[in-house]
Amino acid sequence: MSEDRRKEEMLAVLNQLAEGTLAETLGIRFIDGSEGELVSSMEVTDAVRQPYGLLHGGASLAMGETTASFLSGWEVMKEGKSAVGISLEAQHHRPVRGGLVICRAVLERKEKNRHECRMEIRDGRGRLICTLHMINAVLERKRDVGSEEQ
């Protein structure tokens, strides 16, 4: 399978998994990716703004955590495992009032039971909005991905 076809398949699967989750509620879409990297986008709308008209910091954290969790999850899915966040740190660098923001998550360290990711969120002009660091625990999956059964 070609690299382009693998990427298309990955993005289709991840966007389908995001349906009905917080990612869909916030308008997060996975738009690019490769082994060890995933890129998402989110439009800054009233749904993700705080009362002063700025992108809510919690929406930035949710975008970063979602992107890194889906990246780790994709990396271990075929092994029958899942990834869940256990630590998240963030620094906000500048406000955003509107437009599209892009999050790039990179898997920096991959161990058997733990993944470490770094994320950057940038505005449409490429300016740094937020930097994040996340640790995901890699677990044996107790249920099928997308299933509501626990």
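Visitor: What makes the 33 residues of the largest nonpolar core a core?

Guide: A nonpolar core is a set of buried Ala, Val, Leu, Ile, Met, Phe, Trp, Tyr and Cys residues joined through side-chain atoms within 4.5 Å, where buried means under 20% relative accessible area with a 1.4 Å probe, protein chains only. The largest such set here has 33 residues, and L38, M42, L55, V101, M119 and I121 have the most contacts inside it. Its largest share, eight residues, comes from α3. This is a predicted model, in which local features need pLDDT of at least 70 and side-chain atom pairs pLDDT 80 or more, while totals for chains, interfaces and linings use all residues. Residues are numbered from 1 along each chain as its sequence is written, and side-chain values use heavy atoms, without hydrogens and water.

Visitor: Which residues does I121 touch?

Guide: Contact means heavy atoms within 4.5 Å. Leaving out residues up to four places away in sequence, I121 touches several, including S60, M63, V101 and L132.

Visitor: Why is L100 called partly exposed?

Guide: Partly exposed lies between the buried limit and the exposed one, which is over 50%. L100 has 37% relative accessibility, so it counts as partly exposed. Not counting residues up to four places away in sequence, L100 touches S41, M42, E43, R122, D123 and G124. The C-alpha atoms of L100 and S41 are separated by 6.7 Å, though the two residues are 59 apart along the chain.

Notes. Helices (H or I, at least four residues) and strands (E, at least two) are DSSP runs, numbered from the N terminus.
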